[in-house]
Amino acid sequence: QLLRNAGVRVSGINDAVDVAVGGTHACALRNGGRVSCWGSNDEGQLGNGSTGFSSPTPVDVVGITDATAIAAGSQHTCAVLADYTVQCWGRNGNGQVGVSAESTTTPATVPGLDLVTEVALGNSHTCARRATGDVWCWGYGYDGQLGNGETGPDAAINTTPVPVTGLDDVVEIDADNLHTCARRDDGTVACWGAGRCYQLGQGSASDSAVPVAVAGVSGATAITAGGSHSCALFDDAPAQCWGADGQGQAGNGLDGHINFDQPYPVDVVNGEGFLDISAGLTHTCALFWTYTAVCWGDNEYGQLGDEGTTDRSNPLRLVQAG
């Protein structure tokens, strides 16, 4: 497959209002509520009723015409609909789609959820934020990523949404790989799940099956969870990241090394003026106030978009798509 280290336009999409990127697939929420996906489809994550055939161009997800939000996991995808319910599709080996089937190639409604305004997907777990400020999760919970106080084999597969302990004032959630983070209405941040790379931000490399406060963070305006790192934005201070920093994904300007993971939040170099932020497996990107993109971290496959393949520990401007 041809790798791209500079941006290219997605064919046929000119009305996108949001995008979501999973393990090897991506989706766009389109004006009016349709969802289109492209990339790998080995587990039905494109939602077009087929499996096993990747698509290099966008295909419409079957039956969705009124989506208001989307999210993509490693091999599954979910959408929030206008009636505040959730539909998911793709791999379901650990219950992450929220139904009993092994996998589904078309959207299936997650039972028992209403008033949902946002979803966040990890590798094999899913979480939903309700308008009431509480968070519910389902799927794989061995490392505590469901946030209900349970870990180990008894929590490994849970197809039924369970409430996250102690959260009733959440305004944003994000998840990736094996952990989840939530921003509360007072601007503090809490994370739960796997913590062995310090991605929970409380100074310990331990997992947590209940939300723990990220040390020193207050006044956050946005959050993101990456593979093993997390970040937060602020109105009047630099963005901060914590957790894995082996490829410079924390953005603090220091050469990355596996022993230099960040147990507490560190400032991103030149991290003021960001409007939005999104973390991948081992890299991070942010939208600058000039509406240009900057990225940092792992660049082995050109994911920083700077026409090179050198890792960067401080933000670099993304080369504009032609």
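View 1. Strands are DSSP runs of E with at least two residues, numbered from the N terminus. The model is predicted, so local features need pLDDT of at least 70, side-chain atom pairs count only at pLDDT 80 or more, and totals for chains, interfaces and linings use all residues. Residues are numbered from 1 along each chain as its sequence is written, and side-chain values use heavy atoms, leaving out hydrogens and water.

View 2. Strand β13 (residues 170–176) runs antiparallel to β14, joined by six bridges; two strands pair if DSSP finds at least two bridges between them. Asp174 sits opposite Cys181 of β14. Two residues lie between the strands, and Asn177 adopts a positive phi near 50°.

View 3. Cys181 has Cys191 as its bridge partner in β15, while Arg183 stands opposite Val189. Four residues separate the two strands, and Gly187 in the turn shows a positive phi of about 85°.

View 4. Four strands make up an open, antiparallel sheet in the order β13-β14-β15-β16. β13 and β16 (208–213) are at the edges with a single partner strand each, so one side of each has no neighbour in the sheet. From one strand to the next, the twist averages 20°, with axes fitted as lines to C-alpha atoms and angles running from 0 to 180 degrees between N-to-C directions.
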